Amino acid sequence: MDFYSSLNSNQLDLKKPTIFELALCSQIDNLLTPSVRFLLAHYTHRYPRLLIRILNNFDELNLIVRSFIEYQYLKSWNSTFIEKFYGIKRTNKLLTNDLDDTTKTTNLKRLKPFQIFISLIDSVGISYIDNKLQLYHDKLVPEFLINSNVTDISEKPENQNISFKVLCFINQVKKLIKTLFFKYYPTAKLIMKLMTLMLNILYIADKTSSTTIIQWLSNIAYERITSIDHHRIDSGSSSETIQLESLNVPPTLTSVIVSNLKSMVTPIRKIAWTTTDTILPISIFTLKFLEWYNSQNNLLKNDDNSHQDIPIVPSIVPLDILQDEEERAKYITSTSDESVCRICNDTIHNPAVIETGYVFCYKCIYEYLRDQQKDKGGRCPVSGRKLFGCSWNELTEEWDVKEIRKLII
């Protein structure tokens with residue numbers, strides 16, 4: 001490759017991939033999931049009934065599908081889907097040194113089942129867990145930034161029975177865990193990134209063969225895929241038939257059926273392995289091209305509609321009118337300026353949208369939904385519809401508000 005020209009060829013280990021190749025594998029691996037999500041979201045607008053459930057559960061479905069694919073590649077090639085495309089495999093670091101490149105030693109350096117499981121977590125599980133933790137941390141931001149003025153329940157003289165005290169204790173433990181997570185999760189994430197950066201520097205200096213903490217702890221190293229690995233994969237099915245024939249066992253009906261099924265599956269499996277190297281770059285290019293194409297269409301549509309008038313949205317409905325459906329319908333038809341918050345009647349600051357699609361100041365809508373009465377709260381201040389993201393908390397005697405999304409304008 002081009003970057004070899006600036007390195008000393010006498011000091012290069014041709015069996016060991018460079019940090020540039022591993023970084024490229026990581027970049028494409030991080031690009032694959034967002035690209036598939038973007039493509040699915042695009043077609044969900046056209047076919048919502050067919051794809052909306054898949055899009056809502058995309059993270060879990062993506063975890064299951066990618067885990068299955070990555071496990072098959074790790075089991076066969078000791079490499080992930082992307083690493084196989086770049087000719088890189090993972091080996092047992094304890095057996096990597098002082099072994100020649102022969103068929104016997106290559107089989108000895110293959111990953112153990114425990115290392116395959118660790119590699120599966122490293123390639124798929126870590127990104128899924130980090131994404132979920134980051135989303136949960138983002139949901140905790142308004143709770144800790146806005147002063148909720150929660151009443152201290154321990155000072156209340158009534159209802160001091162055992163069950164109430166247990167609920168208070170559980171609530172305090174949950175609050176403590178949430179506080180510790182909110183404060184120290186960014187720090188822990190930064191420490192992990194710094195440790196990964198340090199391992200990458202040591203990898204460049206040829207002081208280690210791992211690039212992540214989990215690989216270093218499980219003794220996983222990197223090498224290049226050789227012709228021996230391809231020969232092992234190609235001759236895997238034929239070796240099984242040779243072993244069966246060497247036993248001189250008369251064939252049974254079950255063995256004949258199994259052998260016929262394998263003879264039918266083997267060509268399909270070989271075609272799948274060989275076409276993977278072609279499908280990967282084409283799929284990534286297609287996904288990025290569709291992303292660029294749709295973004296250009298959206299820009300053109302925005303330019304065409306820029307001269308049109310912005311639709312007027314209804315103003316906030318008072319609580320007494322929310323009880324009467326006819327009066328509420330009449331009141332919603334009234335117009336107001338969309339740049340004005342319908343709670344504070346001022347220009348919207350830090351805009352946020354709720355489930356019904358109306359936009360308010362983040363602080364206004366959060367405090368409005370939180371401070372409503374038990375029998376009248378948990379509803380949209382404009383349409384009066386019940387909000388699924390609001391639930392009454394018996395301990396704090398306030399509404400827990402969760403489904404408020406910030407807008408970037």
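**Strands, pocket, helix**

Reply: Let's begin with a strand pair: I88 has R224 in β2 as its bridge partner. Note that this is a predicted model, where local features need pLDDT of at least 70, side-chain atom pairs count only at pLDDT 80 or more, and totals for chains, interfaces and linings use all residues. Residues are numbered from 1 along each chain as its sequence is written, and side-chain values use heavy atoms, with hydrogens and water left out.

Me: Which residue is the bridge partner of K89 in β2?

Reply: E223. The two strands are β1 (residues 88-92) and β2 (residues 220-224). They pair in the antiparallel sense over five bridges. Strands pair if DSSP finds at least two bridges between them. Strands here are DSSP runs of E, at least two residues, and helices are runs of H or I, at least four, numbered from the N terminus.

Me: And how many residues of β2 are buried?

Reply: Five of its five. Buried means under 20% relative accessible area, exposed means over 50%, and partly exposed is in between, with a 1.4 Å probe and protein chains only. β1 also has five of its five residues buried.

Me: Which β2 residues sit on which side?

Reply: I220, Y222 and R224 are on one side, A221 and E223 on the other. Both faces are covered. In a regular strand the side chains alternate between the two faces of the sheet.

Me: Switching topic. What is the volume of the largest pocket?

Reply: About 1600 Å³. On a 1 Å grid over the protein atoms alone, a pocket is an open set of points where a 1.4 Å probe fits, with protein on both sides within 12 Å along at least five of seven lines. The volume is the space filled by probe spheres set on the points, which are joined across faces, edges and corners.

Me: Which residues lie nearest its centre?

Reply: S26, N30, D122, I126 and S127, out of 42 lining residues. A lining residue has an atom within 4 Å of a point. Elements giving two or more residues to the lining are α1 (19-44), α3 (58-77), α4 (81-85), α7 (113-145), α8 (162-204) and α9 (213-217). The largest share, eleven residues, comes from α1.

Me: What classes are in the lining?

Reply: 18 nonpolar, 14 polar and ten charged residues. Ala, Val, Leu, Ile, Met, Phe, Trp, Tyr, Cys and Pro count as nonpolar, Asp, Glu, Lys and Arg as charged, and the others, Gly among them, as polar.

Me: OK, the other sheet. What's the strand order?

Reply: β4-β3-β7, an open sheet of three strands with antiparallel pairing. The edge strands are β4 (359-361) and β7 (405-406), each pairing on one side only. Helix α15 (residues 362-370) packs on this sheet and touches β3, β4 and β7. Touching means heavy atoms within 4.5 Å.

Me: What angle does α15 make with β4?

Reply: About 95 degrees between their directions. Axes are lines fitted to C-alpha atoms, for helices over the stretch in contact, and angles run from 0 to 180 degrees between N-to-C directions.

Me: Why is α15 largely enclosed?

Reply: Because seven of its nine residues are buried. Among them are Y362, C364 and R370.

Me: Last one. Where does D206 lie?

Reply: In the loop between α8 and α9. Phi of D206 is near 60 degrees, a positive value in a residue other than glycine. D206 counts as exposed, at 52% relative accessibility.
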